[in-house]
Structures are given as structure tokens and as C-alpha cells.
Amino acid sequence: MNFLGAVFPLRSRSVTSPVLLTMTTAQVPPKVEIGGSPYEIGLQHGRLLAPQILDQLSIYRDLFQEACKFNWETVRGVATEFRDSIERLAPHLLEEMQGIADGVCSHEVEGGPSVDVVDIVALNARSEIALGQWDDGCTSLAWRIRAPVSGGSKQILAQNWDWREGVGKNLALMAITSPGKPQIWMVVEPGIVGKIGFNSASVGVCLNAIRARPISTSLLPIHLLLRIALECESVDAAIASIERLGGAASSQHILIADKDGSRGLELSPLGGVYLREDENGVLAHTNHFLENKLVNEPPWLSGSPVRLERAATICGQLVQELGHNRLGEIDAALLRARFFSDTTNSPQAICCSPDPNRSAKIQTLFNIVMTFEREKEPSAEVIFGKPGSGEESSVYKMPW
């Protein structure tokens with residue numbers, strides 16, 4: 001995919017005034033700044049990204065039918081159970097979803113599809129409603145790089161996000177300002193309240209899907225837990241929040257980091273296991289649990305162990321080539337060139353391409369590299385498309 005477009009200059013604004021900063025022509029990721037109360041945040045989200053949200057609903061209607069044999073009424077039935085749990089555990093996010101639905105409705109044309117909060121809950125609980133029958137794969141990396149002379153360090157948190165090709169055209173960059181909470185920057189699927197990104201307290205999250213059972217509609221979907229983590233001031237606070245809420249409704253891995261290091265949260269309805277970085281400060285993950293043995297996880301994605309081994313190999317090569325004194329040279333550009341563009345074991349590679357032997361067209365849709373350092377503001381670089389393919393977008397910076 002080649003993304004070209006004009007970005008308008010930033011101006012001072014009230015946090016309650018929604019701003020769409022990028023021209024929303026085809027294949028250009030819009031930049032959206034929203035803020036205010038939960039309902040106001042959702043209303044702005046829904047109004048500014050209404051066409052993308054409607055397209056997402058269409059994509060997932062078809063995907064549920066194709067992959068799970070669920071019609072939309074079946075999906076809505078399960079989403080209703082999740083709505084009740086969200087109202088009990090995270091009511092502010094249900095208010096935000098109601099705002100999204102109302103925002104979309106304000107843009108609907110006569111005779112077009114109607115949207116209510118249950119439809120938006122279905123988008124946010126899509127991973128759980130699918131009962132592990134989807135086959136997305138992602139590769140995430142956290143690397144705490146220590147400066148041997150000064151004793152300081154920087155924390156890298158990064159990911160290739162792989163999913164259905166049709167979703168790529170709808171992705172957006174979003175900034176959220178909410179009173180009393182850190183500001184949040186995310187790459188989002190429109191209509192979903194939480195995704196991959198970071199906050200002004202230098203807390204960031206990445207996500208790896210896991211196919212395992214059981215699923216619990218009495219707990220929060222993983223995309224809501226991503227958002228809740230981004231409302232926290234530290235990794236420890238995020239873990240405490242997730243534990244207080246009872247954990248995740250489905251088996252998933254959140255790679256989370258702040259300025260002080262990273263943890264790999266292998267979450268499930270039956271309990272979580274938290275991974276630590278290795279002696280080089282590295283923690284990588286793909287799409288199978290490494291230590292969580294609490295759930296039933298049959299082998300499902302043959303490329304996942306290969307990608308994990310390849311991640312370790314590439315990081316080891318970089319350590320050997322640079323030496324510990326030069327590891328500070330590792331940045332977003334180097335990781336895109338050496339790690340996230342890797343096509344070993346293609347199509348199930350770190351840089352994923354569609355498998356010609358499968359009907360599901362899954363590929364890397366974006367890459368994000370976040371950097372957290374003491375005494376510096378957090379930042380990230382994002383490209384849309386496959387790193388190193390020659391078809392990827394230019395680099396987008398967050399904050400912008």
C-alpha cells in the first residue's frame with residue numbers, strides 16, 4: 001500500500017473540539033484529536049470516523065459469517081452479554097461506545113444501516129466473540145537498551161500488526177485527551193476504544209492474539225484492557241488495574257513497557273503469567289503462550305515459533321554487530337530495516353505477506369516503534385504497509 005496525502009498544520013484548540021488533521025482521501029490514515037468526557041470522546045470519534053466505522057462493521061459482518069458461521073444477530077447476542085459486563089466493570093468505556101454509536105448515527109444517510117451501542121460493543125469484543133477462530137498473527141518486541149557509561153537507558157516498544165487486508169484502508173491515528181488521565185496516542189481500528197500505542201506517562205502497549213479456550217463474557221474484552229492500561233501512569237499500575245478487573249475475557253498477550261522496562265502479560269480468563277526481559281533487556285512475543293499453561297491452547301499458527309526464534313536471532317546479531325557500547329544506535333529506522341522487514345519463512349514471516357494458498361488475505365498492515373527515555377517526552381514512528389517492501393507509507397510521527 002502506498003499512502004500519500006496532505007497533513008494540515010496543528011493549531012491550538014480546546015480538548016473538547018474534535019479535529020481531523022489529515023485529508024481523508026483513499027488510503028490516507030486520518031489523524032484525529034478528540035477529548036472531553038467519555039461520551040464526548042466517543043461522539044467525536046463516531047462523527048469524524050463514521051465512514052470508516054460503517055465499513056468496519058461491514059467487514060466484520062462478513063468475517064464473522066465466513067470464519068465463524070455467525071450471522072450478525074448471533075454476534076449481537078454475545079455482544080449484549082459483554083455490554084452488561086462492560087457496564088459493570090468499565091462504565092466510562094461503555095459511555096464512550098454509546099457516544100461512538102450516536103456519532104455514527106449523526107452521519108447516517110436515509111435508508112443506510114442503523115448503528116447502536118451493541119454494534120460498537122461487537123467491534124470492541126470481536127476477538128472474544130470469534131471464539132479463537134480467527135488466525136491473525138503479529139510480532140512484538142520490547143528492548144531496554146542500557147548506556148554502559150552513563151548508566152541511563154531507553155526503552156523500545158514495537159510491533160508489526162498483521163490482519164486482513166481490507167481493514168488497512170480504515171486505520172487511523174488518534175490522540176485522546178481526558179481530564180485527570182495521561183494523553184493517549186494510538187493506531188486504531190475505527191470504532192474500537194483501545195489499540196496499540198502509548199501515553200504521555202511513557203506507558204505503551206502492543207498486542208499478540210492467542211487462540212485458546214475458554215472465553216468469558218463476564219470479563220472485559222482485550223481491546224478495553226489495552227485502553228485501561230493506557231490510562232495508567234506505569235506498568236505496575238496497569239497490571240494492578242487489570243488484576244483488579246479480574247483479567248481478560250480471552251487469551252491474549254499484551255507487551256507493555258514504560259521508562260523502567262517491560263513485561264509480557266500472558267492473560268487469560270483463568271489467570272495470567274507475566275514474562276520478564278532477558279539478560280540483554282529483550283522481550284519478544286508472537287502468537288503462542290510461552291509460560292501460561294492455564295488454558296487449552298492447541299497448536300494453530302505454525303509460523304509463530306519460527307518468528308519468535310527469528311526475533312531472538314536478529315536481536316542477537318545486532319548485539320554482536322554493535323557491541324554493548326553502540327546499542328544506543330538502535331532506533332526505529334534500524335529496527336524497520338533489520339527486524340520488522342524480515343521475510344524469513346514467508347508468508348508467515350515477521351513481515352507478513354498474504355498466503356496464496358489461503359482465502360484469508362492477511363499481511364502486515366502497520367509497524368509502530370515507540371521510544372521512552374527519562375527526561376524526554378515519549379514518541380513513536382508509524383508506517384503503514386509492509387516495512388521494507390517499497391510499498392509502505394512514509395513515516396508518521398506521534399505525537400504529531
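Student: Which residues lie nearest the centre of the largest pocket?
Tutor: On a 1 Å grid over the protein atoms alone, a cavity is a set of points where a 1.4 Å probe fits but cannot get out, while a pocket is an open set with protein on both sides within 12 Å along at least five of seven lines. Lining residues have an atom within 4 Å of a point. For the largest pocket there are 15 of them. Those nearest its centre are Asp 278, Val 282, Leu 283, Ala 284 and Ala 312.

Student: What pLDDT must side-chain atom pairs have to count?
Tutor: Residues are numbered from 1 along each chain as its sequence is written, and side-chain values use heavy atoms, with hydrogens and water left out. This is a predicted model: totals for chains, interfaces and linings use all residues, local features need pLDDT of at least 70, and side-chain atom pairs count only at pLDDT 80 or more.

Student: How much space lies in the largest pocket?
Tutor: Grid points are joined across faces, edges and corners. A volume is the space filled by probe spheres set on the points. For the largest pocket that comes to about 220 Å³.

Student: Which element gives the most to the lining of the largest pocket?
Tutor: Elements are DSSP runs numbered from the N terminus: helices (H or I) have at least four residues, strands (E) at least two. Strand S11 (273-276), strand S12 (282-285) and helix H9 (303-322) each give two or more residues to the lining. With six residues, the most comes from H9.

Student: How many residues of the lining are nonpolar?
Tutor: Ala, Val, Leu, Ile, Met, Phe, Trp, Tyr, Cys and Pro count as nonpolar; Asp, Glu, Lys and Arg are charged; the others, Gly among them, are polar. In this lining, three are charged and two are polar. The nonpolar residues number ten.

Student: How many residues of strand S6 are buried?
Tutor: Buried means under 20% relative accessible area, exposed means over 50%, and partly exposed lies in between (1.4 Å probe, protein chains only). In a regular strand the side chains alternate between the two faces of the sheet. In S6 (residues 184-188), Ile 184, Met 186 and Val 188 point one way and Trp 185 and Val 187 the other way. The buried count for S6 is five of five.

Student: Which residue of S6 is the bridge partner of Met 174?
Tutor: Two strands pair if DSSP finds at least two bridges between them. Strand S5 (residues 172-177) and S6 have five bridges, in the antiparallel sense. They form a hairpin with six residues between them, and Gly 180 in the turn has a positive phi of about 80°. The partner of Met 174 is Met 186.

Student: And which residue of S7 is the bridge partner of Ile 184?
Tutor: S6 also pairs with strand S7 (residues 196-199). That pairing is antiparallel, over four bridges. The partner of Ile 184 is Asn 199.

Student: What is omega for the cis bond between Met 398 and Pro 399?
Tutor: Pro 399 lies in the segment after strand S15 (396-398). A cis bond joins this proline to Met 398. Its omega is about -10°.

Student: Is Ser 202 buried or exposed?
Tutor: Most residues other than glycine have a negative phi. Ser 202, in the loop between S7 and S8, has a positive one near 65°. Contact means heavy atoms within 4.5 Å, and beyond its neighbours within four places in sequence Ser 202 touches Ala 257, Asp 258, Lys 259, Phe 372 and Pro 378. Its relative accessible area is 0%, so Ser 202 is buried.

Student: What is the relative accessible area of Asn 345?
Tutor: Asn 345 lies in the loop between helix H10 (332-338) and strand S13 (362-373). Its phi is positive, about 70°, although it is not a glycine. Asn 345 is partly exposed, with a relative accessible area of 38%.

Student: What is the radius of gyration of the protein?
Tutor: The radius is taken over C-alpha atoms, and the globule rule is 2.2 Å times the number of residues to the power 0.38. With 400 residues, a compact globule would have a value near 21 Å. The protein agrees with that, at 20 Å.
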